Amino acid sequence: MAEQTPPQNETDELAELWALFAQEGQEVLDQAEAALLQLETDPSAPEPLVELFRALHTFKGNTRFMGLTETEKLAHQAEELAGLVRDEGTAATPEIISLLLSVVDRFRETLAHVQTHHADVPPGTNDDLLDRLQQAIEAARRPPEPPSTPLPEAEPPSPAQPVEPPPDLPPTEVVFTRPDELVDPATDPQYVRIFLEMAGQELGRLHLALDDLAGGKESARQEIEQVVQAIHHAAGQMGYDRLLATLEAITDALNAPAGESRTRRLYQLELELFEQLTVIQEAAPLPSAERGKTYPDIAWLFRNWHADRVFAYLSELVSTLDELESRPDWPDRLLAQAAALYQSIHHSCIFYRLADAGRLSLMLEDLFARLQQGEPLDRDGLLHLARAAATRIGNAIDAIRRGEEVPPSQIQELVGQAETLLYSPAATRTALSLSAVKELLHLPPQFEDVLVPENLAEISQAIQKGEQFYTVLADLNADETVAEAFWEWSQSGAVRVITSATVYRNHHVLYDFLLSSALSLPELQTALARLDPSGRIFTLSPCHYRGREEKAAPAPAPAAPAPAFSTEKLRRLMETIGRLEAVFASLHHTVTSLPEFDHPAIDSLRQIEGRMAEVVVQVRDRAAELRRQPAAAILEPGREQATAAGIPLYIDGGDTLLDTDVLNLLTDPLQKGVEFALARAQKAHNPEVRLLVEPMDDRVRISIEDNGPPLDHQAIIRRAEALGWSAGKAPSEAELLALLLRPDFGPVPGSPVAVDFGAVYADLQPRDGFLQLSYRPGGGLQQRIELPLDTAVLDGMVLQVGQLYYVVPLRAIRRIVKPEKKALVRSTADGVQVILRLDSELIPLRPLSGDDSRTPPWDRLLVVVDRAAGPCALPVDELLGQQRVLIEPTPPQMAHSPEVSGLALLGDGRVAAVLNVNRL
C-alpha cells in the first residue's frame with residue numbers, strides 16, 4: 001500500500017474519531033472471525049450466520065461514515081455473499097468460509113493502514129478479492145444444473161406413515177430452515193434488530209436525497225433508487241408486505257415528471273415508510289433500552305425530522321385553510337392536503353411531548369378526512385377550529401423551543417371543541433360549536449361541562465326559530481309540590497328545557513336550567529310566579545343573546561375607547577385588604593416567634609391566628625373575584641375597528657376573566673396593536689387579523705396576529721443608525737424587531753399608523769409586563785403582550801439594603817448566592833464594574849439605591865435576577881423572606897426612580913419599594 005501521511009492541520013477531535021473507528025473495527029472483525037471459525041465446525045448453525053452478517057454490515061456502515069470508498073466496496077460484496085448464505089440457502093462451503101476469512105484478514109491490514117495514515121487504501125488494492133467475491137456470488141445465484149443421469153424414483157411411503165403436505169405459505173413469506181424448527185424472521189429478535197439497523201442507516205440517505213431532489217438535483221434519483229433497492233431486498237426477506245408496497249410506490253413516483261406534485265408525493269411516501277418502520281420498531285420483540293444503542297430509534301428520528309419541519313407544515317396549513325375559505329366547493333385535494341399536514345404536525349407534537357396538541361392534530365386530521373368522504377360537518381366551525389389550532393400549536397412549540405412551559409389549558413379547550421365536531425351524530429353536525437354558543441349566549445360557567453352535541457343542535461334550532469334563552473335557578477328540594485308543578489310546566493311545550501347543571505351554594509343543592517322559549521321575559525316571570533307565589537324557589541335570568549342584540553340595536557362605535565372600568569371603590573377595598581394582610585403578617589410573625597412551651601393563652605392565640613389566616617385568604621379571594629371581568633369587554637372595540645376597515649377579525653378567548661387593573665392596562669396597547677395589525681393586513685391578498693387571549697398559570701398572554709408583509713428592515717436600520725445605535729453587520733429579523741421595543745426609537749418606520757412600541761413596552765414594564773414582536777411561521781407579524789393575572793397583588797422576596805427595603809418579584813429571581821472571592825472579577829474596561837462569574841456566565845453587579853455598604857461583595861448575598869437586558873446581581877444585606885404584598889402607586893416624589901414600580905406595606909408596618917427589574 002502506498003505511504004500517506006495524515007494532514008498537518010488535522011484536529012484532535014478528528015484524530016480521536018479515526019482511533020475510535022479503528023478500535024471498533026477490530027472488535028467487529030473479531031466477531032466476524034469467531035463466527036467463521038464456528039461455521040467451519042458446524043456449517044448449518046444459524047447463530048454464527050447472524051453474527052457474521054451483523055459484523056460485516058456494521059463494518060460496511062462504519063467505512064461509509066468515514067468515507068472509505070474502496071474498503072466499503074469490499075465490505076458490501078462480503079456482506080452480500082454472507083446474506084446469500086444466511087437467507088437464500090447457499091451452503092457455507094469451506095471455499096466460501098476461506099474466502100470470507102481472507103476478506104477479514106484484508107480488513108485488518110486496512111485498519112492498520114487507516115490508523116497510521118487516516119485515509120483509505122489506494123484504488124485497486126482490493127480488486128483480487130472483489131473478483132473472487134463476485135464469482136462466488138454469481139455461482140450462488142446460478143440455478144443448479146440438471147443431473148446427467150436420472151435420479152432413482154423414491155419408494156412410496158408406507159401407508160402407516162403418510163406424508164404430510166407442506167403448509168401453504170404466502171408467496172412473500174420467507175422461513176429459515178433449522179434442524180429442528182421453522183422460524184419466521186419477523187419474530188426473531190436477532191433478525192429484526194439487524195433489519196432495523198440497516199433500515200435506520202438507509203433512511204438517513206433517503207431523507208437527504210429527497211431534499212436534494214426537491215431542490216432540483218435530479219442526480220439524487222440514483223441515490224433514492226439504491227436506498228429503495230436495499231430496503232426492498234431486506235423487507236422481502238422479512239416478509240413485510242406493506243413495506244414492499246410503499247417502496248414500489250416510491251419507485252413509481254420517481255418515474256413521474258419532475259415538479260411539485262412529484263415532490264409532494266415522494267414526501268408523503270416517505271411519511272408512510274417511516275410510519276410503517278416505526279410500527280415495526282414499536283412491535284419488535286426487543287427491549288426498548290436497546291433503541292439507539294444496538295439499532296437506531298426510528299420513531300425518534302422520524303418525529304425529530306418532522307419537528308424540524310413543523311413551522312413549514314404550519315405555514316403550508318395556513319395557506320391551505322386560506323384557499324379552502326375562498327372556495328365554496330372545498331375540493332378533495334385541499335381536504336386531503338389539510339389532513340396530511342395535520343398528520344405531520346401530530347408527529348411533531350409527540351416529539352415535543354405536547355400530548356394534547358398531538359391528540360388535537362389527529363382529531364382534525366380525522367375531521368378533514370370525513371369531509372373528504374362526504375360526511376356533513378360544520379365547515380365554518382371546523383375552519384375556525386383549524387386556524388386556532390394552528391396558531392396555538394405554533395405558539396406552544398415556539399415557547400418550548402425558548403425553554404418555557406406550556407400550560408395544558410391552551411390546547412385543552414380546542415380539544416373539547418374538536419370532540420364536539422368529531423363525536424356528535426351526523427344529524428347534529430350542523431350545530432354551533434361549544435365556543436360559538438358560549439360567545440353568543442354568555443352562559444354561566446356551570447353549563448360548559450354539561451352541554452353535549454345534542455344540546456348544541458337544540459340551541460341552533462331555537463336560534464333558527466327566533467326563540468330567546470333563559471336560565472332558571474331552582475331550589476326544587478324546598479317544596480316537592482312546586483317541583484312537580486315545574487316539571488309538568490316544562491313538558492307543556494311553552495318552553496324547551498335544553499339542559500341543567502347542579503349548583504352547590506351554602507350547603508344547598510340547586511338546579512340551574514337552560515331554557516329556550518318564544519315567550520317574552522314578562523310572560524315567563526308571570527308563569528313562574530303562578531308556580532311559586534312566594535318567589536323564593538325560582539330565579540329567572542335572560543341570556544344576553546348577542547346575535548339578537550346586534551341586529552336589534554347596533555351600538556355606534558365610540559370615537560376613542562375609554563378605560564375599561566372604574567375601579568376606585570374596588571381599589572379602596574383592596575387597600576383595606578392589603579392593610580389587613582399586613583397586620584395579619586405582623587401577627588403571624590409574632591406568634592411564630594413565641595417561645596415553644598405549653599400555655600393555654602399561647603395555644604388559644606395560635607388557634608386564633610390559624611382561623612384568621614383562613615378568613616384573610618377568603619376575603620382576598622372574594623375581592624379578587626369582584627375585580628375580574630371577561631376580556632371581551634376590551635376586545636370588542638377591536639372588532640368595531642375591523643368592521644370599519646372591512647377586514648375579518650377572529651377573537652378567541654374572550655371569556656377569559658381578568659383583573660380590572662389588567663384590563664385597564666391592556667386597553668391602550670390593544671387599541672394601538674389592533675390598529676397597527678389592520679393597517680398591515682390591508683396589504684395582504686386575503687387580509688385577516690386574529691386576537692387570542694390565553695391564561696398561563698399566573699399570567700395572561702394576548703396575541704395580535706396579522707398576515708401582512710414583512711416590515712421595512714432597511715428603514716429600521718437607518719432609524720437605529722440615526723439614533724447612534726449599532727444594528728450589527730447582518731442583524732437577524734429578531735434583532736431588528738427588538739430595536740422597535742427600545743426606548744426612544746419612536747414609531748415604526750414606513751407604517752401608515754404611528755405606533756411607538758417602545759413607549760407601549762415602557763408602560764407595561766412597571767407592572768411586570770412583557771411585549772414581543774415576531775414574525776409568524778406562516779407569514780405576518782405577531783404582537784405578544786403578557787401581564788400578571790393580578791397586577792395589584794405581588795408575590796415577592798423582601799430584601800434589606802442599608803436602611804431601605806425592597807420587594808423583588810419572585811418570578812424574576814433566578815438564584816441567590818454567597819459567592820467566593822475568586823468568582824468576582826473587575827471589568828477590564830473601566831476597572832470599576834464588578835462581574836460575577838456564575839456557571840460559565842458573566843453577570844454584572846447592580847447596587848441598589850441606598851447601598852452605601854463598604855462590605856466587599858464576596859461577604860454579602862447576591863440576588864441574581866433576570867431582566868430584558870440580561871441578568872444582573874443585586875448585593876443585599878439581608879433576606880427577610882417571601883411575602884404577598886399589595887402594590888401601591890409610586891408617589892410623585894419618587895418619579896425620578898424608574899426602577900421602582902410601586903410601594904408595598906410589609907407585615908411589620910414598614911414600607912418597601914417594589915422593583916421593576918427590567919428598568920435596572
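Lys73 and Glu70 join their side chains in a salt bridge with an N to O distance of 3.6 Å, where a salt bridge is a side-chain nitrogen of Lys or Arg within 4 Å of a carboxyl oxygen of Asp or Glu. Because the two residues are three apart in helix H3 (residues 69–87), about one helical turn separates Lys73 and Glu70; helices here are DSSP runs of H or I with at least four residues, numbered from the N terminus. Lys73 is partly exposed at 43% relative accessible area, whereas Glu70 is buried at 13%, with buried meaning under 20% relative accessible area, exposed over 50%, and partly exposed in between (1.4 Å probe, protein chains only).

This is a predicted model, in which local features need pLDDT of at least 70 and side-chain atom pairs count only at pLDDT 80 or more, while totals for chains, interfaces and linings use all residues. Residues are numbered from 1 along each chain as its sequence is written, and side-chain values use heavy atoms, leaving out hydrogens and water.

Across the whole structure, a search finds 28 salt bridges, including the following pairs.

| Pair | Closest N and O atoms |
|---|---|
| Arg108 and Glu33 | 2.5 Å |
| Arg784 and Glu786 | 3.3 Å |

Arg108 lies in helix H4 (residues 94–117) and Glu33 in helix H1 (residues 12–41), so this pair ties together parts that are 75 residues apart in sequence. Glu33 counts as partly exposed at 27% relative accessibility. In the other tabulated pair, Arg784 is buried at 4% and Glu786 is buried at 8%. Salt bridges also link Asp322, Glu325, Arg387, Glu688 and Arg690 in a network.
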